[in-house]
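Biologist: I would like to go through this model with you, a piece at a time. Shall we begin?

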Amino acid sequence: MTYTMSYRVPTHAMVLAAGLGLRMRPLTQTLPKPLLEVGGRTMLDQAIDKLQGAGVAQVVVNTHWLPEKIEDHLANRAGPKINISREDVLMETGGGIFKALPLLGDDAFYAANADIVWRDSSIPALDRLARAWDDDRMDALLMLTATVRATGYDGDGDFMMDPMGKLTRRPERQIAPYVFTGLQILHPRLFRDATSGPFSMNLLYERALESERLYGMAHDGDWYHVGTPDAINVADAEILEKEGARVRLLF
(Lines give C-alpha, C1' and ligand atoms only; values in the text may rest on other atoms or scores of the structure.)
Protein backbone atom coordinates (compact mmCIF):
# COMPACT_ATOMS: atom_id res chain seq x y z
CA MET A 1 0.00 0.00 0.00
CA THR A 2 1.40 3.39 -1.01
CA TYR A 3 0.58 6.65 0.76
CA THR A 4 -0.39 9.98 -0.78
CA MET A 5 2.08 12.82 -0.22
CA SER A 6 -0.64 15.06 1.18
CA TYR A 7 -3.86 13.87 2.70
CA ARG A 8 -7.14 15.17 4.02
CA VAL A 9 -8.53 13.76 7.23
CA PRO A 10 -12.26 12.91 7.05
CA THR A 11 -14.33 15.20 9.25
CA HIS A 12 -17.37 12.90 9.42
CA ALA A 13 -17.80 9.30 10.52
CA MET A 14 -20.48 6.63 10.80
CA VAL A 15 -20.47 4.19 13.71
CA LEU A 16 -22.64 1.12 13.14
CA ALA A 17 -24.30 0.28 16.46
CA ALA A 18 -27.69 -1.13 15.43
CA GLY A 19 -26.98 -4.86 15.49
CA LEU A 20 -28.88 -7.32 17.67
CA GLY A 21 -25.80 -9.01 19.16
CA LEU A 22 -27.49 -12.41 19.19
CA ARG A 23 -24.25 -14.37 19.68
CA MET A 24 -23.53 -12.30 22.77
CA ARG A 25 -26.65 -13.39 24.63
CA PRO A 26 -27.45 -13.47 27.49
CA LEU A 27 -25.24 -10.35 27.88
CA THR A 28 -27.14 -8.48 25.16
CA GLN A 29 -30.66 -9.27 26.32
CA THR A 30 -30.67 -6.08 28.39
CA LEU A 31 -27.68 -4.19 26.98
CA PRO A 32 -26.73 -3.39 23.37
CA LYS A 33 -23.53 -5.10 22.31
CA PRO A 34 -21.64 -1.81 21.65
CA LEU A 35 -22.07 -0.93 25.35
CA LEU A 36 -20.28 -4.04 26.54
CA GLU A 37 -16.88 -3.27 28.03
CA VAL A 38 -13.65 -4.70 26.67
CA GLY A 39 -10.41 -3.70 28.33
CA GLY A 40 -12.25 -1.48 30.79
CA ARG A 41 -14.21 0.72 28.34
CA THR A 42 -17.26 0.21 26.16
CA MET A 43 -16.57 -0.78 22.57
CA LEU A 44 -18.69 2.14 21.38
CA ASP A 45 -16.71 4.69 23.38
CA GLN A 46 -13.41 3.22 22.24
CA ALA A 47 -14.40 3.69 18.58
CA ILE A 48 -15.68 7.25 19.11
CA ASP A 49 -12.62 8.17 21.20
CA LYS A 50 -10.33 7.15 18.35
CA LEU A 51 -12.43 9.01 15.78
CA GLN A 52 -12.40 12.15 17.91
CA GLY A 53 -8.64 11.82 18.36
CA ALA A 54 -8.25 11.60 14.57
CA GLY A 55 -9.97 14.95 14.11
CA VAL A 56 -13.50 13.83 13.30
CA ALA A 57 -15.95 16.60 14.19
CA GLN A 58 -19.29 14.86 13.57
CA VAL A 59 -20.24 11.24 14.16
CA VAL A 60 -23.46 9.50 13.15
CA VAL A 61 -24.44 6.50 15.28
CA ASN A 62 -27.27 4.26 14.13
CA THR A 63 -29.40 2.47 16.72
CA HIS A 64 -32.04 -0.26 16.67
CA TRP A 65 -31.79 -2.75 19.53
CA LEU A 66 -32.47 -1.02 22.88
CA PRO A 67 -31.83 2.35 21.20
CA GLU A 68 -32.57 4.46 24.28
CA LYS A 69 -29.68 2.88 26.17
CA ILE A 70 -27.17 3.84 23.49
CA GLU A 71 -28.66 7.29 23.05
CA ASP A 72 -28.69 7.97 26.80
CA HIS A 73 -25.11 6.76 27.09
CA LEU A 74 -23.93 9.03 24.29
CA ALA A 75 -25.70 12.02 25.80
CA ASN A 76 -23.07 11.98 28.55
CA ARG A 77 -20.18 12.51 26.14
CA ALA A 78 -18.64 15.97 25.84
CA GLY A 79 -17.72 15.46 22.19
CA PRO A 80 -17.63 15.07 19.27
CA LYS A 81 -21.01 16.17 17.91
CA ILE A 82 -23.14 13.04 17.62
CA ASN A 83 -26.22 12.56 15.45
CA ILE A 84 -28.47 9.54 15.96
CA SER A 85 -29.95 7.61 13.05
CA ARG A 86 -32.57 5.39 14.65
CA GLU A 87 -33.70 2.39 12.61
CA ASP A 88 -37.20 1.11 13.30
CA VAL A 89 -36.38 -1.73 10.89
CA LEU A 90 -32.86 -3.15 10.98
CA MET A 91 -31.21 -1.82 7.81
CA GLU A 92 -28.03 -3.95 7.79
CA THR A 93 -24.66 -2.35 7.12
CA GLY A 94 -25.26 -0.87 3.69
CA GLY A 95 -28.82 0.24 4.31
CA GLY A 96 -27.85 1.81 7.62
CA ILE A 97 -25.09 3.92 6.07
CA PHE A 98 -27.26 4.83 3.08
CA LYS A 99 -30.02 6.06 5.41
CA ALA A 100 -27.49 8.26 7.24
CA LEU A 101 -25.79 9.71 4.14
CA PRO A 102 -27.50 13.13 4.44
CA LEU A 103 -25.68 13.54 7.78
CA LEU A 104 -22.27 12.44 6.47
CA GLY A 105 -21.37 15.26 4.08
CA ASP A 106 -20.22 15.14 0.48
CA ASP A 107 -16.68 13.86 0.97
CA ALA A 108 -15.10 10.57 2.02
CA PHE A 109 -15.92 9.56 5.60
CA TYR A 110 -14.85 6.96 8.13
CA ALA A 111 -17.17 4.08 8.96
CA ALA A 112 -16.58 1.76 11.90
CA ASN A 113 -18.44 -1.14 13.43
CA ALA A 114 -19.25 -0.38 17.05
CA ASP A 115 -18.49 -3.93 18.18
CA ILE A 116 -14.81 -4.16 17.26
CA VAL A 117 -11.69 -3.40 19.26
CA TRP A 118 -8.36 -2.42 17.79
CA ARG A 119 -5.10 -1.14 19.22
CA ASP A 120 -2.87 1.20 17.27
CA SER A 121 0.81 0.80 16.61
CA SER A 122 3.13 3.82 16.31
CA ILE A 123 0.79 5.62 13.86
CA PRO A 124 -2.96 5.49 14.58
CA ALA A 125 -4.89 3.29 12.16
CA LEU A 126 -7.31 6.09 11.27
CA ASP A 127 -4.41 8.35 10.36
CA ARG A 128 -2.88 5.61 8.22
CA LEU A 129 -6.21 5.12 6.44
CA ALA A 130 -6.47 8.85 5.72
CA ARG A 131 -2.92 8.90 4.35
CA ALA A 132 -3.61 5.88 2.13
CA TRP A 133 -6.91 7.23 0.76
CA ASP A 134 -6.73 8.23 -2.92
CA ASP A 135 -9.93 9.90 -4.08
CA ASP A 136 -9.07 9.42 -7.75
CA ARG A 137 -8.65 5.64 -7.49
CA MET A 138 -10.86 4.54 -4.60
CA ASP A 139 -14.49 4.31 -3.64
CA ALA A 140 -13.76 2.25 -0.52
CA LEU A 141 -10.62 1.62 1.53
CA LEU A 142 -10.90 -1.20 4.07
CA MET A 143 -8.63 -1.76 7.02
CA LEU A 144 -7.62 -5.42 7.01
CA THR A 145 -5.68 -7.52 9.44
CA ALA A 146 -3.73 -10.70 8.89
CA THR A 147 -6.09 -13.65 9.26
CA VAL A 148 -3.57 -15.57 11.35
CA ARG A 149 -3.13 -12.61 13.76
CA ALA A 150 -6.82 -11.82 14.32
CA THR A 151 -7.49 -12.61 17.98
CA GLY A 152 -10.76 -14.49 18.42
CA TYR A 153 -11.32 -15.01 14.69
CA ASP A 154 -11.59 -18.56 13.34
CA GLY A 155 -12.84 -17.97 9.78
CA ASP A 156 -11.15 -18.34 6.39
CA GLY A 157 -10.43 -14.64 5.80
CA ASP A 158 -12.02 -12.29 3.30
CA PHE A 159 -9.60 -10.81 0.79
CA MET A 160 -6.43 -11.13 -1.22
CA MET A 161 -4.44 -7.89 -1.61
CA ASP A 162 -1.81 -6.95 -4.18
CA PRO A 163 1.23 -4.74 -3.38
CA MET A 164 -0.71 -1.59 -4.35
CA GLY A 165 -3.58 -2.44 -2.01
CA LYS A 166 -6.09 -3.52 -4.66
CA LEU A 167 -8.41 -6.23 -3.34
CA THR A 168 -9.90 -9.41 -4.70
CA ARG A 169 -12.22 -11.85 -2.95
CA ARG A 170 -11.02 -15.01 -1.27
CA PRO A 171 -10.97 -17.88 -3.79
CA GLU A 172 -13.37 -20.70 -3.03
CA ARG A 173 -12.00 -23.40 -0.71
CA GLN A 174 -8.93 -21.30 0.15
CA ILE A 175 -7.88 -19.31 3.19
CA ALA A 176 -7.36 -15.63 2.44
CA PRO A 177 -4.45 -13.83 4.12
CA TYR A 178 -6.59 -10.88 5.22
CA VAL A 179 -9.83 -10.38 7.11
CA PHE A 180 -11.87 -7.16 7.11
CA THR A 181 -11.71 -5.43 10.50
CA GLY A 182 -14.91 -3.37 10.30
CA LEU A 183 -13.03 -0.07 9.90
CA GLN A 184 -12.99 1.75 6.56
CA ILE A 185 -13.15 4.94 4.53
CA LEU A 186 -16.06 5.23 2.10
CA HIS A 187 -17.04 7.84 -0.46
CA PRO A 188 -20.73 8.73 -0.93
CA ARG A 189 -20.47 7.98 -4.66
CA LEU A 190 -20.25 4.28 -3.76
CA PHE A 191 -23.96 4.54 -2.86
CA ARG A 192 -24.93 6.37 -6.05
CA ASP A 193 -27.34 3.72 -7.36
CA ALA A 194 -28.37 2.30 -4.00
CA THR A 195 -32.00 2.32 -2.93
CA SER A 196 -33.48 2.62 0.54
CA GLY A 197 -34.07 -0.53 2.52
CA PRO A 198 -31.93 -3.19 4.18
CA PHE A 199 -28.85 -4.38 2.30
CA SER A 200 -25.30 -5.48 3.05
CA MET A 201 -22.20 -3.45 2.25
CA ASN A 202 -20.98 -6.56 0.44
CA LEU A 203 -23.24 -5.62 -2.46
CA LEU A 204 -21.39 -2.33 -2.86
CA TYR A 205 -18.00 -3.94 -2.33
CA GLU A 206 -18.76 -6.22 -5.27
CA ARG A 207 -19.54 -3.17 -7.40
CA ALA A 208 -16.27 -1.54 -6.34
CA LEU A 209 -14.39 -4.76 -7.07
CA GLU A 210 -15.80 -4.86 -10.60
CA SER A 211 -14.62 -1.31 -11.24
CA GLU A 212 -11.28 -1.95 -9.47
CA ARG A 213 -11.99 0.75 -6.89
CA LEU A 214 -11.95 -1.39 -3.74
CA TYR A 215 -8.67 -1.14 -1.85
CA GLY A 216 -7.28 -2.33 1.45
CA MET A 217 -4.67 -1.39 4.01
CA ALA A 218 -3.06 -3.85 6.42
CA HIS A 219 -3.40 -2.92 10.09
CA ASP A 220 -0.09 -2.98 11.93
CA GLY A 221 -1.53 -3.22 15.45
CA ASP A 222 -3.77 -5.64 17.32
CA TRP A 223 -7.38 -6.40 16.40
CA TYR A 224 -9.94 -8.39 18.36
CA HIS A 225 -12.94 -10.26 17.01
CA VAL A 226 -15.38 -9.92 19.91
CA GLY A 227 -18.32 -12.06 18.87
CA THR A 228 -19.14 -14.09 21.97
CA PRO A 229 -18.93 -13.71 25.77
CA ASP A 230 -15.88 -15.96 25.79
CA ALA A 231 -14.20 -13.69 23.23
CA ILE A 232 -14.60 -10.75 25.62
CA ASN A 233 -12.66 -12.67 28.25
CA VAL A 234 -9.88 -13.46 25.77
CA ALA A 235 -9.65 -9.86 24.57
CA ASP A 236 -9.75 -8.51 28.13
CA ALA A 237 -6.92 -10.75 29.24
CA GLU A 238 -4.70 -9.92 26.25
CA ILE A 239 -5.34 -6.18 26.36
CA LEU A 240 -4.71 -5.92 30.09
CA GLU A 241 -1.57 -8.04 29.82
CA LYS A 242 -0.15 -5.87 27.03
CA GLU A 243 -1.12 -2.68 28.81
CA GLY A 244 0.62 -3.92 31.93
CA ALA A 245 3.74 -4.75 29.94
CA ARG A 246 3.72 -1.27 28.38
CA VAL A 247 3.46 0.38 31.79
CA ARG A 248 6.34 -1.75 33.09
CA LEU A 249 8.50 -0.63 30.16
CA LEU A 250 7.74 3.01 30.91
CA PHE A 251 8.89 2.64 34.50
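Modeller: Let us start with Glu 92, which is placed in helix α3. Please bear in mind that this is a predicted model.

Biologist: What is the phi of Glu 92?

Modeller: Phi of Glu 92 is near 65 degrees, a positive value in a residue other than glycine. Most residues other than glycine have a negative phi.

Biologist: Is Glu 92 buried, partly exposed or exposed?

Modeller: Glu 92 counts as partly exposed, because its relative accessibility is 44%, and buried would require under 20%.

Biologist: Next, helix α2. Which of its residues are buried?

Modeller: In α2, which covers residues 67-74, the buried ones are Pro 67, Ile 70, Glu 71 and Leu 74. These four lie on the same side of α2, because they cover an arc of only 95 degrees around the axis. In general, an α-helix has 3.6 residues a turn, so residues three or four places apart point the same way.

Biologist: What do the buried residues of α2 pack against?

Modeller: They pack against α1 (43-53), β4 (58-63) and β5 (81-86).

Biologist: How many residues of α4 are buried?

Modeller: Seven of the eight residues in α4 are buried, which leaves this helix mostly covered. Among them are Leu 126, Asp 127, Arg 128 and Leu 129. Ala 132, also in α4, counts as buried because its relative accessibility is 0%.

Biologist: How far is Ala 132 from Ile 70?

Modeller: The two are 62 residues apart in sequence and 32 Å apart in space, C-alpha to C-alpha.

Biologist: Which elements do the buried residues of α4 pack against?

Modeller: Their partners are α1, β6 (109-113), β7 (116-119), β8 (140-146), β11 (178-186) and β12 (214-218).

Biologist: Which members of the largest nonpolar core touch the most others?

Modeller: Tyr 110, Leu 141 and Leu 183 do, out of 34 residues in that core. The largest share of the core, five residues, comes from α4. There is also a second, separate core of 26 residues, including Ala 100, Phe 109, Phe 191 and Leu 204.

Biologist: On to pockets. What volume does the largest one have?

Modeller: The largest pocket holds about 1000 Å³ of space. Its lining consists of 39 residues, and Thr 93, Asn 113, Asp 115, Ile 116 and Gly 182 lie nearest the centre.

Biologist: Which element gives the most to that lining?

Modeller: β11 does, with five residues. The elements giving two or more residues are α3 (92-100), β11, α5 (201-210) and β13 (222-225).

Biologist: And how many of the lining residues are nonpolar, polar and charged?

Modeller: The lining of the largest pocket divides into 20 nonpolar, twelve polar and seven charged residues.

Conventions. Residues numbered from 1 in each chain as written. Predicted model: local features only at pLDDT ≥ 70, side-chain atom pairs only at ≥ 80, totals over all residues. Heavy atoms only, no water. Buried < 20%, exposed > 50% of the residue type's maximum accessible area, 1.4 Å probe, protein only. Arc of directions from axis to C-beta. Contact = heavy atoms within 4.5 Å. Core = buried A, V, L, I, M, F, W, Y, C linked by side-chain atoms within 4.5 Å. 1 Å grid on protein atoms, 1.4 Å probe; cavity = no way out; pocket = protein on both sides within 12 Å on 5 of 7 lines; lining within 4 Å. Points joined across faces, edges and corners; volume = space filled by probe spheres on them. Nonpolar A, V, L, I, M, F, W, Y, C, P; charged D, E, K, R; others polar.
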